[in-house]
Amino acid sequence: MTDKKKIVDIVNNMYPEIVGIRRNIHQNPELSGQEYKTAELVYNRLKNLGLDPVYYLEKTSVITPVKNGAGKSVILRADMDALPIEEKSGLEYCSTSRGVMHACGHDMHTSILLGAASLLLQMKHLWQGTVHLLFQPSEEVEPGGAYTLLSGGHLPKADSIFGLHVNTDHDTGTVGVKDGLDFAGITAFDVVVNGKGGHGATPEVTVDPIVCASTLVIQLQTLVSREVSPFVPVTLTIGEFKAGSQRNVIPDQALLHGTIRCHSRELLEKLMNRITEMVSATAQSFRTQAEVNFLKTFPPTNNDPSIAAHFASVFESIVGEGTAIIRHNPSMYAEDFAFYQQILKGVFIHLGVRQKNGTFNGSGLHSSSFIPDEEAIRTGIIAHFCYVMSELGIRNESEI
Ligand SMILES: [Zn+2]
Ligand SMILES: [Zn+2]
């Protein structure tokens, strides 16, 4: 039996068990920074495989080395947190935790990396060195689990790092690969508008923060449409607007929570300055007081071109020609994986989870009806293995 056939057989054999793990995680989602049960499940599984996992960040993170002789080392990373969304997928294994859902596919990422651990252990004759399996918490909220692990000095020493994210741009069985800039950098910002509350019948004796904040929502969009070239991708989104408690009461305060996403640090800084100026000038024109607070930013992800090309070629030689789709445009999603890439070379890829038979419901990431195709678990496990082969392989991929 060829090694290629053996890899496929091992993955097919473990598939039902890994799907079981994924569904268990899906049914028991945990918010960012609270991934205690998920981390425990991961820890126990790795221990049962004979590995030596270690908990970090108050038991919300697990890291283990898989050692296989002397040589280079790589990190394979998965994130484990869920989102504050009420699931409406209608799945029989839907979330049992009210208002919390794995709507970003991190349940897929976690179970896939556990599957990759088993495959690596069973195919040790194809690679040499050390693979660190890193399960991180809190990807969805600033400053991000990657940043916290790094600032705690917990990142293992390695030559490069690999990660993936489910993506409905691509069919199941394929991966999307982009060299250079891929995911956007993101900065979250909060605007507080302070006015003077009072009765809705006498607006002339109040200073209405809602009218000012509403104007800001529209005005801030002009930074994108009027101050940045149409050829440069930027998004500015106000996703939260909080003000008021009753129809006839003008409140004292309005709050806006937003994000800016783009692919360059210079542009990000320019937009941050302009947001500050615009908020201040608009607040003054409405007689309100306002301030902007910029939260921790995620830098853009930046994939090493030669590592990405080598990964894509190994992946195609094992999975089939045309299965590593070259992406030409960066995405506007953001990833705290970018923090690792500021220290280590590496690649972050897009795992296709769009069902090929046309049953994809059209709901994307962060939707209450998001349903990634579970079949992609097979491709995800193999993708991790292909990365190890491309960096630590002891045989040319054409000989496998
Ligand atoms: Zn997400
Ligand atoms: Zn995500």
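This is a predicted model: local features need pLDDT of at least 70, side-chain atom pairs count only at pLDDT 80 or more; totals for chains, interfaces and linings use all residues.
Entry 1: I began with the strand order. I found an open sheet of eight strands with mixed pairing, in the order β1-β2-β4-β3-β5-β16-β6-β15. The edge strands are β1 (54–56) and β15, each of which pairs on one side only. From one strand to the next, the twist averages 30°.

**Entry 2: helices on the sheet.** I then looked for helices that pack on this sheet. Helix α2 (residues 36–48) touches β1, β2 and β4, and its direction makes about 20° with that of β2. Helix α9 also packs on the sheet, where it touches β3, β4, β5 (160–171), β6 and β16 (345–354). The direction of α9 makes about 160° with that of β16.

**Entry 3: strand β4.** I followed β4 (residues 129–136) to its partners. With strand β2 (residues 61–68) it pairs in the antiparallel sense over seven bridges; there, Leu 133 in β4 is the bridge partner of Thr 64. Strand β3 (residues 73–79) runs parallel to β4 and is joined to it by seven bridges. In β4, Val 131 stands opposite Val 74. I also noted that β3, helix α3 (residues 106–122) and β4 form a right-handed β-α-β unit. Why is β4 largely enclosed by the rest of the structure? Seven of its eight residues are buried, so the strand is largely enclosed.

**Entry 4: the other end.** I checked strand β6 (residues 175–177) against β15. The two run parallel and are joined by three bridges. Val 177 has Ile 326 of β15 opposite it.

**Entry 5: the cores.** I looked up the largest nonpolar core and found 93 residues in it. Val 74, Leu 76 and Phe 311 have the most contacts inside this core. Helix α9 (residues 376–392) gives the most to it, with eleven residues. Domain 1 (3–183 + 300–399) and domain 2 (185–297) both contribute residues, so this core lies between them. I listed the contacts of Phe 311, leaving aside neighbours within four places in sequence: Val 177, Val 347, Cys 386, Tyr 387 and Ser 390. A second, separate core has seven residues, among them Leu 83, Ala 103, Cys 104 and Phe 370.

**Entry 6: Met 332.** I placed Met 332 in the loop between β15 (324–326) and α8 (337–341).

Conventions:
Residues are numbered from 1 along each chain as its sequence is written. Chains are lettered from A and ligands numbered from 1 in the order in which they are written. A residue is buried if 20 or more other C-beta atoms lie within 10 Å of its own, exposed if 12 or fewer, and partly exposed in between; C-beta atoms are placed from the backbone. Helices (H or I, at least four residues) and strands (E, at least two) are DSSP runs, numbered from the N terminus. Two strands pair if DSSP finds at least two bridges between them. A crossover is right-handed if, with the strands pointing away from the viewer, the path from the first strand over the helix to the second runs clockwise. A nonpolar core is a set of buried Ala, Val, Leu, Ile, Met, Phe, Trp, Tyr and Cys residues joined through C-beta atoms within 7 Å. Domain bounds come from an automatic or database domain assignment. Two residues are in contact if their C-beta atoms, placed from the backbone, lie within 7 Å. Axes are lines fitted to C-alpha atoms, for helices over the stretch in contact, and angles run from 0 to 180 degrees between N-to-C directions.
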